[in-house]
Every structure is written in C-alpha cells, then in structure tokens.
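Have the sequence and the 3D view open as you read. We'll take a slow walk through a few parts of the fold, one after another.

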Amino acid sequence: MDCTNVNILLVDDNKGNLLALETILKGEDRNLVRAASGEEALLYLLHNDVAVVLLDVRMPGISGLETAELIRGRKKTRDVPIIFLTAYDSADKQDLWRGYSLGAVDYIVKPFDPDALKSKVAVFVELFKKTEQVKQQAALLHEKNIALENANFQRLGKLVELGQRMTAERDPQALLKLFCDSACDILGARSTRVRIDGLEAASGRKFRGSYEPIFDATRSEDQPIRISAAEAVDGRSALAAPIALPERTAGWLCLIDKLEGGEFSEADERLAMTLTGQLAAAYENARLYADARRHASDLLVEVTERKQAQEEKEKLLLSEKAARLEAEQAHRLSSDLLLREKQARAEAEAANRLKDEFLATVSHELRTPLNSILGWAQLMRTNTLDSQSSARALDTIERNTKSLAQIIEDLLDVSRIISGKLRLEARPIELAPVIEAALDAIRPAADAKNIRLRVSVDRSARVSGDPNRLQQVAWNLLSNAIKFTPTGGEVAVSLERDPSTASIMVTDNGEGIAEEFLPYVFDRFRQADSTFARMHGGLGLGLAIVRHLVEMHGGEVRAESAGRGKGATFTVSFPLVAVSTGSLKALRVPERLKDDSKQLAGLRVMIVDDESDARELLVAMLEQRGASVVAAASVSEALAALAGPINGSMPDVLVSDIGMPIEDGFDLIRRVRALAPQHGGKIPAIALTAYATTEDRRRVLEAGFERHLAKPIEPATLASAVANLARRVAKA
C-alpha cells in the first residue's frame with residue numbers, strides 16, 4: 001500500500017453528513033471512503049487498511065456502537081482508531097461511556113467544528129503514514145541484509161577455491177593469469193591487470209588510456225588507491241592494490257571499470273588487499289619452487305639426494321603456510337559476516353522493544369486517569385455520596401481530567417512538531433510574569449510533597465516569544481523537578497540576564513540523572529525506567545517538547561547532573577528584546593452519574609493499588625454495593641493484611657493493580673499463591689490494570705489471576721466481576 005495515499009472510512013447513513021465530512025477532510029494524500037451502513041463499513045475493512053474510522057453512533061440496522069464492537073473483535077482491525085459522530089443529547093450519555101469502553105479515541109458532536117475535526121483526523125493520518133514507512137524500511141533493510149549475506153558467502157567460497165588453486169600452481173606466469181581471471185570475477189570488474197617482478201597478466205577488456213601513474217603511486221606508497229569515474233581519465237572507475245612480499249613491494253593489482261557502472265567501495269578495497277596477500281604468498285611459493293628447481297638442475301649430479309630432501313621440506317612448509325593463510329582469511333571473513341548479522345538483529349530487536357514499551361506506556365498513562373474519572377462520575381450519579389465524599393470525587397475528577405488533558409496535549413504537540421505544524425504567536429514579553437504563573441500552577445503539587453521553592457527573578461529580563469508556549473516550558477521544567485524530588489526536598493528557580501541573553505535555571509536535589517542516560521534526556525519517548533515497577537509515570541515527552549519550543553524561540557536548553565541521587569539542573573537561555581504577558585485556561589468537570597446496585601452485601605474484598613485516587617475510588621465503588629473492603633497501597637501491606645485478617649476473616653476476593661513501584665502485581669500474585677490455603681493461597685484474584693493488550697491479559701492469567709479487567713472500569717462491571725468470581729468459588 002502507498003502510505004502517501006491514506007484511506008479514511010466515513011460511516012453515516014445520512015448522505016448530507018458524508019458530503020460534509022468529505023468537504024472538510026479532503027486532501028491530496030487521502031482517499032475518503034463512504035459507507036452508508038455498518039455492514040458496508042465492515043465489508044470494506046475486510047480487505048482494506050484505514051488510518052481512522054469516523055463512525056455515526058445512530059444508524060439503522062447495525063448501530064455505530066455495534067459496528068465498533070465488531071471492528072474491535074477482529075485481530076486485523078482491533079487497533080484501528082475510531083472517532084464516534086453523534087448529535088449529542090441527554091439520551092446519548094450511556095452511548096458515550098460505552099463508546100469509550102469499546103476503545104474510541106474521540107467523540108465528536110454534530111454539527112462538526114471543521115478545524116477541530118481536521119486536527120484530530122490529521123493526527124491519525126500522520127501516525128498511519130509513519131507506521132507504514134517504518135514497515136517498508138524494515139522490509140527493505142531485511143532484503144538488503146539477505147542480499148549482502150549471500151554475496152559475502154559467494155565471495156568467501158570463491159576466495160577459498162582460489163587459494164586452493166593458487167597453492168597448487170607452480171608456474172609464476174600461469175599463477176598470474178589464474179589470479180587475474182579470478183580477481184576480475186570476485187571484485188566485479190570489466191578489466192584486471194597484474195604485474196609482479198617484470199611478469200604481467202591481464203583479463204577482461206583491454207585497458208583504454210594510461211593508468212601507469214596509478215600503478216606507480218600504488219607501488220611507491222604501499223597503499224591501495226581508488227579513483228571514481230568522475231576523476232578517471234576516460235570516465236571509468238579504478239582500484240589499485242600493492243602486492244607486498246615479505247621484504248618489499250614487488251608489484252600491483254589494478255581493476256578498471258566496476259560492473260553495472262558503479263564505483264569501487266571500501267569493502268572492495270579490503271577484499272583486493274586480501275587477494276594480493278593470497279597472491280603474494282602463492283607467488284613467493286611458486287618463485288621459490290622455480291628457484292629450487294633451477295638450483296637442483298645445476299647441482300643435479302653432486303647433490304641429488306640433498307636436493308630431493310630439501311624440496312620435500314620446502315613443499316611441506318609452503319603448503320602449511322598457504323593453508324594457514326587461507327584459514328585465517330576465511331575466519332576473518334566469517335567473523336565479519338556474523339558480526340554484521342548480529343548487529344542488524346540487535347538493532348531490529350531494539351526498535352521493536354522501544355515500540356512495544358511506548359505503546360504499553362501510552363495505554364497505561366491514558367487508562368489510569370480515565371479509570372478514576374469514570375468511576376467517580378458513576379458514583380456521583382447515585383446521589384448517595386455525602387458532601388465530603390462528593391468534594392473528594394470532584395477534586396479527583398478535576399485532577400485526573402487535567403492529567404489526561406496534559407497527556408493528550410503533549411501527544412498533539414509532538415504530532416505538530418513531527419509534522420512541522422507547531423506555530424508561535426510571538427510578541428515582546430517579560431519573562432518574570434511567565435515564570436510566576438508557572439509557579440502558581442505548580443505550587444499545590446510542591447506543597448503536597450512539602451517541597452520548598454526558592455525563587456530569584458530578575459524582572460528586567462525581556463524576550464520576544466509566545467507567552468503561552470514559554471509558560472509551558474517553565475511549567476514542564478518545574479513539574480519535572482517536583483516529580484523527581486522526594487518529600488521534604490528543595491527546588492530552586494532563578495531568572496538571570498547578561499547583556500545578550502536571559503536564562504531560566506531550575507535546580508532540584510532529587511533523584512538526579514545517570515551519566516549514561518544524560519545524552520538522551522531530551523529525546524522523545526525516552527525514560528530512564530520503563531518497567532511495570534517504575535516509580536514515576538509519564539510518556540517521556542515533556543522535556544522533548546521543552547527542547548523544541550526553546551529552539552523555536554532561538555534559545556538553547558541543557559541538562560546537568562552529577563549522577564544518581566545528586567539532583568539535576570535544567571537551564572534554558574533566550575536572546576533579549578522586549579516585554580508583555582500571557583494567560584491560562586481551566587477545565588470543566590463532568591456532571592453526576594447514578595447507580596443503585598447492592599449486589600455485594602456480605603462479601604469481603606481486598607483492594608491493592610499504589611495510586612490513592614484509584615484505591616479510594618475502588619473502595620467507594622464496592623462499599624456502595626454493600627461489600628466490606630480492605631485497602632492496601634503496596635504488595636507488603638497486602639501480604640501483612642492477609643497474614644492477620646481483620647476480625648479473623650479472610651477476604652473473599654482480591655482485586656490488584658499490576659503496575660506498582662518496588663513490587664508489581666505479578667510479584668503479589670506469585671507470593672499469594674505460595675501461601676497455605678488457610679492464609680489466602682487460594683483466594684480468587686482479579687487484575688484491574690491499565691495494561692490492556694491481549695499479551696497483557698495472557699500474562700495476567702498465566703501468573704495466577706482468575707480475571708483480567710481493564711481500566712477505566714464502571715462500578716457495575718467491577719461489582720459484577722467480584723460477585724461472579726466469589727459465587728463461582730463458593731459453588732466449587
């Protein structure tokens with residue numbers, strides 16, 4: 001498939017809506033495909049790849065939600081992005097939650113906002129193109145590696161055969177002719193010429209023009225020489241290599257005109273030196289043999305017996321020397337081939353590993369805040385929360401909504417950066433108000449960790465820039481410092497200026513940066529720790545965005561750290577000019593949801609999750625349905641609770657997160673299953689996690705969990721899973 005022409009599937013039973021979508025989304029790089037029903041859309045997806053599906057929710061026959069569920073049910077299309085289209089009203093809210101649970105990436109309300117629709121679809125078009133390009137490049141690299149491997153094996157075979165034939169040849173002139181023909185074939189030249197000690201041989205086409213200066217330079221400098229077609233006297237490339245005997249350079253090998261109009265490469269140069277080394281050994285053997293024969297002929301009468309013994313000894317030594325040279329050459333060539341193959345395989349494995357880690361991280365970082373938002377919203381619909389719980393629910397929803405919005409905005413910024421569509425609205429501004437606004441936004445997070453902020457600002461620093469983007473730079477640096485500074489630590493922020501530049505420095509006394517990771521700290525999607533048990537979340541985009549924004553303002557950014565546990569300093573510098581200010585925007589909170597289910601009365605449930613918001617949400621979900629809940633923030637807390645169950649009662653069901661620091665959910669289930677049955681070794685367990693791929697589900701079930709549930713989850717779904725699992729174990 002040509003990844004420059006991307007398919008976008010438009011599914012709506014209204015022809016007017018399809019025409020409007022085509023008008024908004026048309027472009028030279030896009031193939032807009034209409035489908036008037038869910039059946040027609042599914043039929044198209046059976047045989048075609050698409051970058052994104054825009055799917056109307058309400059359609060006759062198969063609805064949009066049912067169509068999405070069928071798309072997710074096929075392996076080929078389960079990862080295709082789906083954007084739902086709807087004329088939003090109060091009756092559609094349940095559809096909205098169901099759509100997100102089916103993996104919808106967005107929900108657009110009719111009538112459409114053209115700019116917003118274009119921007120959202122462009123993200124997935126670019127992502128699809130990049131994915132296709134990576135696949136094509138990987139295939140080309142694989143083909144090239146196979147071709148190179150085959151060519152090298154063929155050359156190796158020819159080298160071994162040539163060495164054997166030259167070892168057996170005793171006539172120097174015949175040896176040179178044999179060598180010429182083989183060199184022409186092995187190195188792919190149209191003409192070959194060799195000269196040594198006055199003897200000369202040629203193969204292929206006759207030489208045109210004079211190449212004697214090349215030969216003389218090769219012999220005098222004792223180094224190979226390559227000449228491109230553009231430099232040659234008659235427009236043909238040339239390669240010359242010296243023939244070195246033990247104590248002197250005795251001649252040269254010259255190859256003219258690379259086959260198929262190409263140029264001789266460094267690899268050809270090294271191979272030519274290998275061939276001349278073989279020739280030197282074989283020629284020396286042949287010369288010595290001829291000298292010995294002449295000497296034997298002169299002294300035949302008086303030294304016949306001595307001559308015969310000496311000849312046999314020389315033959316044996318020369319044969320061993322030739323065999324040793326052949327073995328060494330074959331071993332070197334084989335080692336080179338194996339090393340290149342190993343390097344190519346390692347590069348491919350590293351690329352696949354980075355891709356898998358990035359996809360898993362994006363899924364986890366998006367699903368975790370969605371779980372808290374959806375869960376608390378469902379509980380608020382019940383109208384059974386007291387004022388304190390309602391306030392906590394609103395705080396949690398707002399905090400996680402901001403977190404989710406920041407993640408999405410970072411992804412969109414990276415998409416704009418990659419596509420070159422990120423724009424600045426620059427004007428003269430003062431940097432001090434920008435930094436102070438960023439400090440006001442980050443101060444609650446610093447106060448929550450009891451982190452002291454030391455601020456020193458030169459209010460005369462003025463630059464030309466976009467205030468919102470510069471505030472984003474300051475906020476990202478401060479947020480990063482707070483994130484990696486332990487409770488009770490300190491973060492210093494300063495704004496200084498010299499005659500030509502203004503510099504912002506953010507210094508913390510936190511975890512620091514390892515020396516080996518420091519060169520990659522501003523790379524996209526790079527994290528020092530990307531395991532399930534990492535201490536900090538995030539996609540590894542903030543500092544990459546900082547670097548790009550700073551460079552767009554004509555500035556520079558650098559990171560410094562003495563190593564792990566020794567803190568870090570980030571410095572950004574901008575050229576000085578004039579003054580102005582910037583502004584911030586707020587988020588809206590979703591309205592309440594409602595649910596009256598009480599199906600968990602009498603059940604005891606243990607919750608294990610390191611995120612306090614997620615843990616409190618799960619406790620509230622289950623207690624609302626009559627369950628008695630024990631909450632643990634870590635694997636060690638959960639095991640301690642199982643060792644001494646409250647009121648002497650063992651929990652009926654264990655619900656655990658997977659991605660936790662120090663010890664993760666897999667560590668927990670292994671340690672639980674190792675316990676005796678009376679201490680909880682047989683307790684039924686559910687993995688509730690934001691790692692929701694098919695591979696994640698397989699690993700969870702193999703580890704010892706009975707169920708795998710993906711975040712975000714609705715209270716009714718969680719309650720039903722807990723009740724069903726407890727009921728199934730009770731029957732057993």
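First, some ground rules. This is a predicted model, where local features need pLDDT of at least 70, side-chain atom pairs count only at pLDDT 80 or more, and totals for chains, interfaces and linings use all residues. Residues are numbered from 1 along each chain as its sequence is written, and side-chain values use heavy atoms, with hydrogens and water left out.

Let's begin with the sheet. Five strands make an open sheet in the order β2-β1-β3-β4-β5, with parallel pairing. Because β2 (30-35) and β5 (106-109) stand at the edges with a single partner strand each, one side of each has no neighbour in the sheet. From one strand to the next, the twist averages 20°. Here strands (E, at least two residues) and helices (H or I, at least four) are DSSP runs numbered from the N terminus, and two strands pair if DSSP finds at least two bridges between them. Angles run from 0 to 180 degrees between N-to-C directions, using axes that are lines fitted to C-alpha atoms, for helices over the stretch in contact.

Now find β3. It is largely enclosed by the rest of the structure, since 5 of its 5 residues are buried (under 20% relative accessible area; exposed is over 50% and partly exposed is in between, with a 1.4 Å probe and protein chains only). Val52, Leu54 and Asp56 point one way from β3, while Val53 and Leu55 point the other way. On one side, 4 bridges link β3 with β1 in parallel, and leucine 10 sits opposite leucine 54. β3 is also joined to β4 by 4 parallel bridges, with aspartate 56 opposite leucine 85. Moving on, β4 (residues 82-86) pairs with β5 over 4 bridges, again parallel, and isoleucine 83 has aspartate 106 of β5 as its bridge partner.

Helix α2 (residues 38-45) lies across β1 and β2, at about 160° to β1. Contact in this setting means heavy atoms within 4.5 Å.

On a 1 Å grid over the protein atoms alone, a cavity is a set of points where a 1.4 Å probe fits but cannot get out, and lining residues have an atom within 4 Å of a point. Grid points are joined across faces, edges and corners, and a volume is the space filled by probe spheres set on the points. The largest cavity has a volume of about 80 Å³, and α5 (114-168), α8 (266-298) and α9 (304-381) each supply at least two residues of its lining. Among the lining residues are Met166, Asn285 and Glu326. The second largest cavity holds about 60 Å³, and its lining includes Arg170, Tyr289 and Lys315. The largest share of that lining, 4 residues, comes from α9.

Finally, look at the backbone. Most residues other than glycine have a negative phi. Aspartate 257, not a glycine, has a positive phi of about 70°; this residue is in strand β10 (residues 248-258) and counts as buried at 11% relative accessibility. Isoleucine 662 also has a positive phi, about 65°. Its place is the loop between β20 (653-656) and α16 (665-673), and at 67% relative accessibility isoleucine 662 counts as exposed.

Notes. On a 1 Å grid over the protein atoms alone, a cavity is a set of points where a 1.4 Å probe fits but cannot get out, and a pocket is an open set with protein on both sides within 12 Å along at least five of seven lines; lining residues have an atom within 4 Å of a point.
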